[in-house]
Amino acid sequence: MSNRAKVAVGGVAVGALLLLFLPFWAAVLVMVGVPVGAYLLLDPSQRKRLRRVSRKELGR
């Protein structure tokens, strides 16, 4: 199994656990808020590079 597949499986597992133990709105807030927060922590040059790179190249 590739590293990307392991990360995807882990993300689904964490999302399912959050839905079980938190109210729906709180779980959705965490699942959406963490990636948005990580994006906002990037430097402007890193954001520009991230927007420029295609999705296939992100895992490299």
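These legends describe close-up views of one predicted model. Residues are numbered from 1 along each chain as its sequence is written. In this predicted model, local features need pLDDT of at least 70, side-chain atom pairs count only at pLDDT 80 or more, and totals for chains, interfaces and linings use all residues; side-chain values use heavy atoms, with hydrogens and water left out.

**View 1. The chain has 3 helices and 0 strands.** Its elements run α-α-α from the N terminus on. Helices (H or I, at least four residues) and strands (E, at least two) are DSSP runs, numbered from the N terminus. Of the 60 residues, 8% count as buried. Buried means under 20% relative accessible area, exposed over 50%, and partly exposed in between (1.4 Å probe, protein chains only). The accessible surface comes to about 5,400 Å². Carbon and sulfur atoms own 68% of that surface.

**View 2. A nonpolar patch covers about 720 Å² of surface.** Helix α2 (residues 24-40) gives the largest share, 6 residues. Patch residues have over 30% relative accessible area and no salt bridge; nonpolar side chains (Val, Leu, Ile, Met, Phe, Trp, Tyr) are joined within 5 Å, like charges within 9 Å. A salt bridge is a side-chain nitrogen of Lys or Arg within 4 Å of a carboxyl oxygen of Asp or Glu.

**View 3. Leucine 42 sits in the loop between α2 and α3.** Leucine 42 is partly exposed, at 25% relative accessible area. Beyond its neighbours within four places in sequence, leucine 42 is in contact (heavy atoms within 4.5 Å) with Arg47 and Leu50. Leucine 50 belongs to helix α3. Leucine 50 is also partly exposed, at 35%.

**View 4. Lys48, Arg49, Arg51 and Arg52 form a positive surface patch.** Lys and Arg count as positive. Lysine 48 lies in helix α3 (residues 44-52). With a relative accessible area of 53%, lysine 48 is exposed.

Methods: Areas by Shrake-Rupley, 256 points an atom, 1.4 Å probe, with all protein chains shown as cover. Charge placed at Lys NZ, Arg CZ, Asp CG, Glu CD.
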